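Dear colleague,

I am handing over the structure below, and after it you will find some notes on what turned up when I went through it. Please read them with the structure open beside you.

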Amino acid sequence: MKRLLALFLLPGLLATDLAVAAENSARPLNWTAIGMFMVFVLFTLGVTRWAALRTRSTRDFYTAGGGMTGFQNGLAIAGDMISAASFLGISAMMFLNGYDGLLYALGVLAGWPIILFLIAERLRNLGKYTFADVVSYRLEQTPVRLTSAFGTLTVALMYLVAQMVGAGKLIELLFGIDYVYAVMLVGVLMVFYVTFGGMLATTWVQIIKAVMLLFGTSFMAFMVLKHFGFSIEAMFAGATAVHAKGTAIMAPGGLLSNPIDAISLGLGMMFGTAGLPHILMRFFTVSDAKEARKSVFYATGFIGYFYLLLIIVGFGAIVMVGTDPIFRDASGAIIGGGNMIAVHLAQAVGGNLFLGFISAVAFATILAVVAGLALSGASAVSHDLYACVIRKGRATEQQEMRVSRIATLCIGVLAIILGLMFESQNIAFLSGLVLAIAASVNFPVLFLSMFWKGLTTRGAVTGSLAGLVSAIALLILSPAVWVNVLHHQQALFPYSNPALFSMSLAFFSAWLFSVTDASPRAALERGRYLEQFIRSMTGIGASGASKH
Amino acid sequence: MSPEDIELIRQHPDFIQLVRRKQRLYWSLTAAMLVIYYGFVLLVAFSPAHLGQSLSGGVTTVGMLVGVLIVLTAFALTGFYVYRANNVIDPLNEKLKQECAR
């Protein structure tokens, strides 16, 4: 009997030795993954070339000529949301804490219906290239554009850093390429897509990747279910039997135990999505409000489907990855850290070939998302700052395009530098923080500008700035930074998510500084609301798609 | 739009009806989504034990079912909105646009 047991244990032990050996020596280059990724890069560069030939005007550059269909745009939006941070981060959270990972996913998803009901159609009817177009519709251009561009750049850069750090580590691990080169490779390809192919290339790269990721995750979920005889109950039973926390993983744990923190995180997730500039920008790529509406319907469907698959991936991995010593190093920790769970599962269900595919998809995911972020940052610089504030609308299209390309290049360089500086942060957590900032800086003024007649320039500017300053200050004073990064004894702000407080403060200051604004300019701005309201409700006067 | 156009549209019965219907549709659906989601968040915060109950004697919990249902409800609500907007709101909007173009 003992001998039999040893026989069962032997392959496991051998594998552990092999894994340890691999860990000690330099990680070999993964040629399957590199090969598949090369195919993706070549193909997307072809797409970029095709898009470059069709990108002649600023309108083409910022919004793909407004010619995307609702379905295409829905896939692209879904692609933006199912980033590497959510694919790897949420499956890792489910692996570690079970149900708590689902809470993150639900917060992001629940924001989409709200975006559809309140934001999507209005944004399309009122705006042209950036969400600052909408905020500044009836307000003073210069101050509002300046603060909106500042908000866009803060959010885009922080999100970019989160993605870059994740990218560097992931690629180092998957492909055997050094962190420094990995970050630089992502930066260079991102700049390439955006400067040459503009929004058209950025959108198609995002669509291609979304299809690949949805396909890959569906396959993983299918194989997990097959492993458990297509019984969800059997999968959960298996997971609770082997997980250190037992049946506790099937119920909410510590993540949202504090009501204030729970609501704050929920608000940040929900309204943060509605304040992400690279997402808002996508509503200008469709021809009219009807297509904008359809794109959110498709996007919600794809995002929801993806998160349902992640439940299967995360819980399946508890059994199929967690109990397999091949995926653990000598000290028993998961090789490559918690964020590698989904990648290990790919190997467990589909062998090396599928591991290569998922690795390539993960890389592609990062590229597609950072390209969108870079484009939104660049459009804030070239459209809001350069064309509208500095040149007061007198810049030619060529000049504006040149500035946006230079801006993309600068953002690329900055992203690489920042990516190298912030190496060790949990990526899901970091993108959660970005959402809290977006919910405080961009969302309140965007919402008020569309729904409240009383908003004035003074209110909009103070509202954004109050949101920005309070969100960042509270983040620094929160346990995540004050204790974990700066190593103080106790956090000055007890909650881990600032959204509830910073968002309320942004709304309150926008309101207070608007109602107390008795200037003649404020009276004019309130007077222009009716025209804006009619256009936002009916689409009369809204910009259409360009003819190709 | 000239000030006369704006005034004309504002007083147009179709515009008044459009605004009323549209607002009723999006505010009620927004309220529904907020109640569902924050109801869930508060349940998680105040009474996680309810969500940890077994669904039917097995390991699968009530909370897991609720989570999946929220995903499906969110999708269903967007679907309902698009259906109503396409079939009720848009025809009204088109009618208004044509009348104002004349």
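In what follows, a residue is called buried if 20 or more other C-beta atoms lie within 10 Å of its own, and exposed if 12 or fewer do. Please also keep in mind that this is a predicted model.

Let me begin with two loop residues. A:Ala64 sits in the loop between α3 (58-63) and α4 (70-81) of chain A, and its phi is near 55°, a positive value in a residue other than glycine. Because 29 other C-beta atoms lie within 10 Å of A:Ala64, this residue is buried. A:Phe230, which belongs to the loop between α9 (179-227) and α10 (232-242) of chain A, likewise is not a glycine and has a positive phi of about 55°. With 11 other C-beta atoms within 10 Å, however, A:Phe230 is exposed.

The 12 residues of α4(A) reach 16 Å from the first C-alpha to the last, which is close to the 16 Å expected at 1.5 Å a residue. This helix is mostly covered, since 11 of its 12 residues are buried, among them A:Gln72, A:Asn73, A:Asp80 and A:Met81. The buried residues of α4(A) pack against α5 (84-97), α6, α9, α12 (277-280), α13 and α14 (341-390) of chain A.

Two of those partners, α6 and α13, also deserve a look as a pair. How do helix α6 (residues 99-126) and helix α13 (residues 289-320) of chain A pack, and at what angle? The angle is about 175°, with the axes 9 Å apart, and α6(A) is therefore roughly antiparallel to α13(A). The contact involves residues including A:Leu102, A:Trp112 and A:Arg124 of α6(A), and A:Arg293, A:Ile303 and A:Tyr307 of α13(A). By type, the residues of this contact divide into 16 nonpolar, five polar and three charged.

Finally, I would point you to A:Gly168, which lies in helix α8 (residues 141-175) of chain A. A:Gly168 counts as buried because it has 26 C-beta neighbours inside 10 Å. Leaving aside residues up to four places away in sequence, A:Gly168 touches A:Tyr179, A:Ala182, A:Val183 and A:Gly419. A:Gly168 and A:Glu423 are 255 residues apart in sequence, yet their C-alpha atoms are 8.4 Å apart in space.

With kind regards

Methods. Residues numbered from 1 in each chain as written. Chains lettered and ligands numbered in written order. Predicted model: local features only at pLDDT ≥ 70, side-chain atom pairs only at ≥ 80, totals over all residues. Helix = DSSP H or I, 4+ residues; strand = E, 2+ residues; numbered from the N terminus. Axes fitted to C-alpha atoms, helices over the stretch in contact; angles between N-to-C directions. Parallel < 35°, antiparallel > 145°, perpendicular 65-115°, else oblique. Contact = placed C-beta atoms within 7 Å. Nonpolar A, V, L, I, M, F, W, Y, C, P; charged D, E, K, R; others polar. Expected span 1.5 Å × (residues − 1).
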